[in-house]
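Open your viewer and get ready to select and zoom. We will go stop by stop.

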Amino acid sequence: MTENTIQTVKIKRVINECDGVKSFVFDRENSIIPQPGQFVMIWAPGVDEVPMSISSYNEKGEWSITVKNVGECTNALHELTIGDYIGVRGPLGNFFQIPQDKNKKIFLIGGGIGMVPLRFLASELVKLGHKFTIIEGAKVENDLIFMDEFLDLNREGAEFNYCTDDGSYGEKGFTTEIFENALKDMRYDEFKNTIIYKCKYEIMMHKLLQICDEHEIEMHASLERIMRCGCGLCGLCTLDPIGLLVCKDGPIFSSELLKKMDDFGKFKREFSGKKISQ
Ligand SMILES: Cc1cc2nc3c(=O)[nH]c(=O)nc-3n(C[C@H](O)[C@H](O)[C@H](O)COP(=O)(O)OP(=O)(O)OC[C@H]3O[C@@H](n4cnc5c(N)ncnc54)[C@H](O)[C@@H]3O)c2cc1C
Ligand code: FES
């Protein structure tokens, strides 16, 4: 089986993560092993096929995706239950590069549904013996996801900072502000030994890139664009002006590449291909 073959799988478990967000667990046979940061195209029978990050993978061969209900296809997925079938194509795209050096200072920074690829990355970092800090943000407390699982990772030495826009949980403010505060406690020579993994939202990523640039910190971000084919054929996910494709060259891009993109933090494309402001 290649990564582009669609495979029908049976849903094994459904987990309510928070209001409007569910995880779906399934087994896959003879599949390529996924890496943190990669995504799959998920087909809701009779409705549509949409891109979803892989939220977990374990030794038993169980995969999961975590879906926020925002429209027709995600709503159809939310209607499914244990024993129902979905189509899965992937793993697709590139993945987070994990440093060999265990002394690297690692931050995973995300908001809301952006925690999905970071959850898979966090479990992999624990497996490889890395220490790291997660900064998770949300509008309100009820939108924070994976907190129980992160508590388990906390026991393995990972650190956590939560923030909400309204201060209903953790600090009041944005993830970028929490990160800027963390930088105040670091020495200049530690910046070069720091690596940031960031998912959602692109305007916040843009701000974070500026902060990282000022401090010469390496950053890797997971971008999202409307996708049709997910495998480099339709061109809908092109990033101007260098023509990188989010589905094939991404979804993970380094600071060096992000700085060369005019579209980053500013423009995205509609299903028609028309470019609009973010
Ligand atoms: C690489 C990648 C990974 C993603 N991972 C996740 C994930 O782990 N969990 C999750 O809930 N969502 C994820 N998304 C977003 C998800 O694909 C969209 O929310 C979904 O396609 C919406 O489909 P819909 O038919 O329900 O909504 P629609 O009615 O089609 O649209 C609702 C909203 O979602 C936006 N949208 C629609 N299609 C896409 C798309 N293909 N890519 C990005 N935005 C879109 C639209 O602009 C609109 O604002 C990811 C997207 C990409 C590109
Ligand atoms: S989604 Fe078709 S080229 Fe990327």
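This is a predicted model: local features need pLDDT of at least 70, side-chain atom pairs count only at pLDDT 80 or more; totals for chains, interfaces and linings use all residues.

Which residues are the closest to ligand 1? Select ligand 1 and show what surrounds it.

**Stop 1**

Zoom in on Pro-51. One of its backbone N or O atoms lies 2.7 Å from an oxygen atom of ligand 1. Now pick Thr-66. Here a polar backbone atom is 2.8 Å from a nitrogen atom of the ligand. How much of ligand 1 does the protein cover? On its own, the ligand has 840 Å² of accessible area, and the protein covers 78% of that.

**Stop 2: the pocket and its shell**

Hide ligand 1 for a moment and look at the space it takes. That space is the largest pocket. Which elements give two or more residues to the shell around the ligand? Colour β4 (48-57), β5 (62-68) and α1 (72-79) to see them. Strand β4 gives the largest share, with 4 residues. Then colour the shell by residue type. You get 12 nonpolar residues, 4 polar ones and 4 charged ones.

**Stop 3: two cis peptide bonds**

Bring the ligand back and move along the chain. Select Gly-90 and Pro-91. The peptide bond from Gly-90 to Pro-91 is cis, and its omega is near 15°. Pro-91 sits in strand β6, which covers residues 85-92.

Now go to Lys-200 and Tyr-201. They too are joined by a cis peptide bond, with omega about -15°. Where does Tyr-201 lie? Look in the loop between β11 (194-199) and α6 (202-215).

**Stop 4**

Select Asn-30. Its phi is positive, about 55°, although Asn-30 is not a glycine. Follow the backbone on both sides. Asn-30 belongs to the loop between β2 (21-27) and β3 (39-44).

**Stop 4: the whole protein**

Zoom out and switch to cartoon view. How many helices and strands does the protein have? Count 7 helices and 17 strands. The radius of gyration is 18 Å, close to the 19 Å that the globule rule gives for 278 residues, so the protein is as compact as a globular protein of that length. Finally, show the C-alpha trace alone. Along its principal axes it spans about 55 × 45 × 40 Å.

Definitions and conventions. Residues are numbered from 1 along each chain as its sequence is written. Chains are lettered from A and ligands numbered from 1 in the order in which they are written. Side-chain values use heavy atoms; hydrogens and water are left out. A polar contact is a pair of N or O atoms within 3.5 Å; within protein, one must be able to donate a hydrogen and the other to accept it, and residues adjacent in sequence count only if both atoms are side-chain atoms. Accessible areas come from the Shrake-Rupley method with a 1.4 Å probe; for residues, only the protein chains shown count as cover. On a 1 Å grid over the protein atoms alone, a cavity is a set of points where a 1.4 Å probe fits but cannot get out, and a pocket is an open set with protein on both sides within 12 Å along at least five of seven lines; lining residues have an atom within 4 Å of a point. A molecule sits in a cavity or pocket if more than half of its atoms lie within 2 Å of its grid points. Ala, Val, Leu, Ile, Met, Phe, Trp, Tyr, Cys and Pro count as nonpolar, Asp, Glu, Lys and Arg as charged, and the others, Gly among them, as polar. The radius of gyration is taken over C-alpha atoms; the globule rule is 2.2 Å times the number of residues to the power 0.38.
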